[in-house]
Amino acid sequence: MGGSSFPVMTPDDLDTPLDANSLGAKGYFIGSGVVTVIDERTCIVQFALRVAQFYMHESCGKCTPCRVGTRWLVQLLRAVEEGTARERDLELTLDVCDRIIGKCLCVLGDSAAMPVASCVTKFRDEFRAHVEQGGCPFGADSQLAGLFAPVDQHAHTSVAQEAAV
Amino acid sequence: MSAELVRVTIDEREVHVPKGTGLVETALVAGVEIPVFCYEPRLGEPVGACRMCLVEVDGMPKLQAGCTLTAQDGMVVKTARTSQQAAEGQNATLEFILVNHPLDCPVCDKGGECPLQDLTFRYGPGNTRMSFEKLTFEKPIPISPTISLDRERCILCYRCTRFSESVSEDGQLVAANRGAMSVITTFEDLPYSGAFTGNVTELCPVGALLPTQYRFEGRPWEIVDVPTVCGLCPVGCNIYATVREGKVKRILSRNHPEIDEGWICDKGRFAYTHLRAEDRLAQPLQRVRRHGLEQVSWEQALGEAERLLRDARGRVVTVLSGSETVEQAYALAKLLRVGLDSHQAMLPEEISGSLDAYRLPLSSIRDADVVVVLGDVPVVERAPVVDLWIKSARRNGARILDDANDPAVGEAERVVLVWCGPGGRGGATVAKLAEKLGLAGREGCGAFYLPETPNGRGVADAWAACCDEESEPSGAIGLLVVSGDEAARDENVRALAEQAEATIVISMFGGLAAGWADLVLPGTGYLEREGTFVNLEGRLQRLRRTVTPPCPDELEWIAELAARFGVDVAPYAAAVFAEVSERVYGGLAFGEVGERAPLRVYPEAQEHVARQALPEPRAAPRRKSQVRLVAYRPLFSGAAVERVAELQFQRPQPELELSADDARRRKIATGDLVTVGSNGSAITLPARVNRHLRAGIARVALEHANGLGGIVELAKAEEVASA
Ligand code: SF4
Ligand code: SF4
Ligand code: SF4
Ligand code: FES
């Protein structure tokens, strides 16, 4: 809700009125007003990874938590998706988000960490399934499989991204 | 003084500081550390990049970067000592910094004096949770022959780039790429060059930017940092010499806020290896055949010196370099003037006491409204740090002018005059100008004369203080005593030696004396001496013997030689200084000169000491095709620099600087070949148009001038060829 930089909502929140105050009362944001709908055929880890990749690419690199933290999040989420993560990496992911939020020079770091943290918290079972099964339960069937974060389509950055992660 | 005091509470301690004081400094007043990496007030506004300084501030929802805040009344701040949240925030920053940091401590030159190690120990996580591959880079990359860059260790605090952008203003160090791939690099990958590059090795809070000369040379527990003063130019920056096992391994700044603010130039920082140059002398040399010098014992050398001095029968002429300490110059003067009645000397500089009424600390340039820079030699080449003060004045809004008649000078409140170049008559010219402008006694107003030698003033003081007698120039020179390397490499001095019956040279380097001296006595360097120097402000400063020289101190053998002529010279700097001080420095004791010497006034100082009759070269060019060529001694030149391989890339390009006006009239563009000449000799060099140069002036480094100077014809090279 509000674009890619805010926490995700679940079906439980469907009745929330679409205004800043009502959303704010529940810890959400109206943001840009954009609503992105993701159904159960989509792997939420893939979604979180793409959000994180996007913000890693967007980070200007000036302050430490955002420059380093966004890259670390990408590494962690990729490990979850690929099935090489362990249970404690989920805690670590949340902790890294926590260590970014509110500590950066601008709000870009928050924008990366808030959605990622909300995915891990609200879809814990789906994340855990990745860890336990040693890979993605959706695989190529996920709506996002084969769809990459916009940054990975930028020819000029793909090399840097490869090197960076 | 009148700044309003505000009350700030830091970790439950209340302090009162002037409003607007930085929070980091305020905390220090309360005895509390706010750890920082990127914060460095000398680099301008804080950037808040590293997030090491996170603190909790009452009334603010999130942690704040303490370095970006200033003291406000009633502010209540909690640091990691009393706030769990702040402690967590700082721990987080360090965890992030260390995520990609290499495990290099055992092989990193910064190890043991590394803020990252220290702060990690105090505030950081005990172990790592990072299990992925770290970012790696090719390393270390030499960004110049003197500095290497390790991008893996870089924590991107941007201190180095901010220095380059807003202190030295060279713009050569920049950040490239974005986000996780951000790196520090040099503009267009060119070597980082300029007068001040080495300062970034001290600013860098980690082992990312390191001096190549110090690579693997020492560990903090094996070294001592000895406080002394740089003796390579008249600024007299306060420095530490890092010494290990009797050798100087590194030079660091020692921040004298009135002189250098902690910045030193690359000559002062990197030229120290000249102490171990291949042709460094430890033993005296005596002429045996027509051109052959042979090593002899000190006993024999002093015997020979005594003989030469006696044989000269008072017809001794002394040439001084201006790099002698006050004490050495005085001891030499006493031997020669009192002992041998030989008063003739070529002093290194003309100096003028009339400047004393306009003395100011260098730091006051920063606060000036108008700085008038006269004299046509680039300030950076002669007194580098003065150039930094002028730059900071400009950043503070001052106008930098090259004409004292500019109406802005009359309107300004704080006016500072700087003379850098020929024709200054040791400061008399600029003092007269200051008088005309009515600067005497006005707050923040004053005048500086930038001499060519590090201690020309002190040497002149000492030489004059020794005795009042004078002798008529006797025509024939019985013995020429050449003191110091600068005098020894001077062509005019060598020409004078041709006329002398005999020549004694005191020099550190065999290469300088070979072929023309009859006796060579090894000299010491400024890092090896006890003594005092007087800098361009007129400030007396203390040099220390940071390492033992390979030969006896000058004072030691001068004293012995003096005794043979019935003159009493003490072999210790303190005792010699006491004698000079009685006469010139108001009886100040050696021990009182001070580690960070204040600017004192010495009413007993000389009125005016002329070097020799100097021509007044300020006549305007006569014809349109003519310009006045200023051949200046570049910063990166001289006996010491010539012996440091790493500094050779800094030597000036062969090029001729032209004013925009002269270039336009002759249709010359930067890069075009131009020819300047007079009296049949000419040089052809690529031109560089400099819009800061006055019309009618052309400029070239002395080593490319081929002896030319003064009024010359200037033309584009092909015109000369076709004519
Ligand atoms: S910069 Fe400091 S922490 Fe990093 S490797 Fe060097 S000594 Fe260790
Ligand atoms: S090289 Fe050093 S000074 Fe420059 S940004 Fe990196 S850590 Fe900071
Ligand atoms: S500016 Fe002068 S005194 Fe200062 S370090 Fe350089 S040479 Fe030495
Ligand atoms: S010291 Fe405050 S952000 Fe770096």
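How many residues of domain 1 of chain A are in contact with domain 2 of chain A? Eight residues of domain 1 touch 12 residues of domain 2, where contact means heavy atoms within 4.5 Å.

Before going on, some ground rules: this is a predicted model, so local features need pLDDT of at least 70 and side-chain atom pairs count only at pLDDT 80 or more, while totals for chains, interfaces and linings use all residues. Residues are numbered from 1 along each chain as its sequence is written, chains are lettered from A and ligands numbered from 1 in the order in which they are written, and side-chain values use heavy atoms, with hydrogens and water left out.

**Inside chain A**

Domain 1 covers 1-37 and domain 2 covers 40-164; these bounds come from an automatic or database domain assignment. Taken over C-alpha atoms, the two centres sit 20 Å apart. In domain 1 of chain A, Ser4(A), Ser5(A) and Val8(A) lose the most area to domain 2, together 60% of what that side buries. Buried area here is the accessible area (1.4 Å probe) that two parts lose on being put together, summed over both.

**Two interfaces**

Here is how the domain pair and the chain pair look. A salt bridge is a side-chain nitrogen of Lys or Arg within 4 Å of a carboxyl oxygen of Asp or Glu.

| Interface | Buried area | On carbon and sulfur | Salt bridges |
|---|---|---|---|
| Domain 1 and domain 2 of chain A | about 770 Å² | 68% | zero |
| Chain A and chain B | about 2,700 Å² | 57% | three |

**Chain A meets chain B**

Between the chains, 31 residues of chain A are in contact with 33 of chain B. Trp72(A), Arg99(A) and Lys103(A) supply 26% of the area that chain A buries against chain B, more than any other three residues. Arg99(A) also forms a salt bridge with Glu88(B), with the closest N and O atoms 3.1 Å apart. On the side of chain A that touches chain B, you'll find 15 nonpolar, seven polar and nine charged residues. For that sorting, Ala, Val, Leu, Ile, Met, Phe, Trp, Tyr, Cys and Pro count as nonpolar, Asp, Glu, Lys and Arg as charged, and the others, Gly among them, as polar.

**Around the ligands**

A residue is near a molecule if one of its heavy atoms lies within 4 Å of it. The shell around ligand 3 has eight nonpolar, two polar and no charged residues, among them Cys230(B), Cys233(B) and Pro384(B).
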